[in-house]
Amino acid sequence: MAERAPDGWTRTEQGLWEAFRQGEVYDLRAGGAEPANGAGGRTGTPLDDPFGGAPWGPGRTVRAEVLAHLLLDGPPAAPGRVASLKLTGARVTGPLVLAGGTIGHYVEVHDCRFERKVLVSEADAGTLRFVSCAIPRLEASRLTTSGDLHLARCRIPGGVRLTDSRIGTDLLLNQAVLGGDRFGRALSADGLAVSQDFEADRLESRGEVSLRSARIGGRLSLRGAQLYAVPENPNALNAVRLTVGHTLYLSGSADGGWSSSGSYYGSGYGQVVTAGVAGTPFRAHGAVRLSDSRFDNACLISDAEFHLGTDDELALRRIQTPELRFTCRTAPTGKVSLSRARVGNLVDAPDSWPHGRHLGLTGFTYECLRPAAPFSVPQRIAWLEGSSVEFQPESYEQLAAALRRDGADDDAREVLYAKQRRRRQTLPLPARLWGRVQDVTVGYGFRPGRAALWLLLAWALGSGYFAAHRLQPLKADESPHWNPVLYALGQLLPVVDLGQQGWNPGGFSQWVASGLVIVGWILATTVAAGATRMLQRG
């Protein structure tokens, strides 16, 4: 192949040809700032800002067809060199069309302005890095890379399409600013596969971020991201059937290290915004859909804000993860659904959950409760009863089982007691009345001490009455010993013979004796019911 640039290329493009052969950075930046009103002053606006308004003339202009020529049919490397495209500070005119091609060279483009869209759909590449570039739109569906795809700090007002793409290592969208396409999607990445990490910290999107059926081998990080739905599409994040091999981060990001960081990764993975440290929460203005997704290590939703409309929701239906952390500093404004989700550890706080029937817990199962803030049993019961559906006994049983696994048997009994009281509201009137009696007397068997108090009170009242109203013997020729205390106890416990059966109550005394018998039987049956429940729990 020729070792000199083709005829018709500008001097700038010829310089790029030689830098490509040498594998060197071709830097077209001018440095400095734009003069103010032609008076020689500085406005503070850098001349090299790819998103600014400073004009870039012919000396910084490269045609997109030149880039395509170099990448698809470029010259051989200079002896002892590795050919690569390393371009900084250029204005690229025309559409960059690499669709269907094989890009065998390393590509790293910094601080460039693309006047037309970039097309790499169905291309096969090694590593592609576009950093701090202005790109009208990126079309990269079914792109395959053996290395990284970086779009850090890029501004792409027409959105990015990565449908069914295969990224060999990492995908980076840190601090990128994306606009929406005609369907209201800022990032279309359904069916995307990333072998390692997908990091989009501080991403700002105006349109849906769509990751339906995507597969991420490592982490998916959206720390500090700001996602906005648009009128033509109500979803801020649509990631149903998503698979993440490690952890999903929908959390805040510490502000330090971002504004002038030279690292693509900002402040690094896993950093938690601690108290007193300035940070930016994850924010979603629109519906968030994560239904049917699986997170093999954890799903971390902390320091996050969900600004949901009337018909929007945070959908976590049927998700599976060893740990779900839900520790938002402010509760979502709309509905949160965890129906049929399966979780190992549930880490949460009482103020993180929505109120007013905006919580769906049908079939939600979890192994252990690990509250990040004090979460009392009454608050847990209110959490259950704040669900958007009617009475569900399995929700109470699930909570009680989790408390028992942590050794909190008393708390578990409190939950089951609340279940009986809530169940009573769903019964017909006679059953409600009988339930009310059981509640007042022995608390459905969960308050056995109440039975003893009622028995003592009835015994004391009966003993006092019969002490003042001696009864006549059944047989006139017999005169058994009269003991009003034992007689009253014998009526309360009629199956026990205390030697006071030879007396014949009449008139009002007969009503008092019958009342003691009825009270005794009621208390006996409720105590038996409570004992049965205790044996079943054991």
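How many aromatic pairs does a search of the whole structure find?

Reply: This is a predicted model. A search of the whole structure finds eight aromatic pairs.

Start with Phe282 and Phe306. Their ring centres lie 5.9 Å apart and their planes meet at 55°, so this pair is tilted. The label follows from the cut-offs: planes under 30 degrees apart count as stacked, and over 60 as edge-to-face. Phe282 belongs to strand β35, residues 282-285. Phe306 belongs to strand β39, residues 304-307. The pair therefore ties together parts that are 24 residues apart in sequence. What about exposure? Phe282 has 0% relative accessibility, so it counts as buried. Phe306 is buried as well, with a relative accessible area of 2%.

Now take Tyr465 and Phe508. The ring centres are 5.9 Å apart here, and the planes stand at 65°, so the pair is edge-to-face. Helices carry both residues: Tyr465 is in α7 (residues 449-468), and Phe508 is in α9 (residues 508-537). This contact therefore ties together parts that are 43 residues apart in sequence. The two partners differ in accessibility. Tyr465 is buried at 16% relative accessible area, whereas Phe508 is exposed at 57%. The cut-offs behind those words are under 20% for buried and over 50% for exposed.

Rings also gather in a group. Phe326, Trp353, Phe364, Tyr366 and Trp383 form one aromatic cluster.

Next, charges over a ring. Trp56 has the charged end of Arg60 over its ring, 3.9 Å from the centre. The charged end of Arg113 also sits over the ring of Trp56, 4.1 Å from its centre.

For β44, look at its pairing with β42. Strand β42 covers residues 335-337, and two bridges join it to β44. These two strands run parallel. In that pairing, Val336 stands opposite Leu359 in β44.

To recap the two pairs: Phe282 with Phe306 is tilted, and Tyr465 with Phe508 is edge-to-face.

How values were computed
Residues are numbered from 1 along each chain as its sequence is written. This is a predicted model: local features need pLDDT of at least 70, side-chain atom pairs count only at pLDDT 80 or more; totals for chains, interfaces and linings use all residues. Side-chain values use heavy atoms; hydrogens and water are left out. Rings of Phe, Tyr and Trp (its six-membered ring) pair if their centres lie within 6.5 Å; planes under 30 degrees apart count as stacked, over 60 as edge-to-face and the rest as tilted. Helices (H or I, at least four residues) and strands (E, at least two) are DSSP runs, numbered from the N terminus. Buried means under 20% relative accessible area, exposed over 50%, partly exposed in between (1.4 Å probe, protein chains only). A charge sits over a ring if NZ of Lys or CZ of Arg is within 6 Å of the ring centre and within 35 degrees of the ring normal. Two strands pair if DSSP finds at least two bridges between them.
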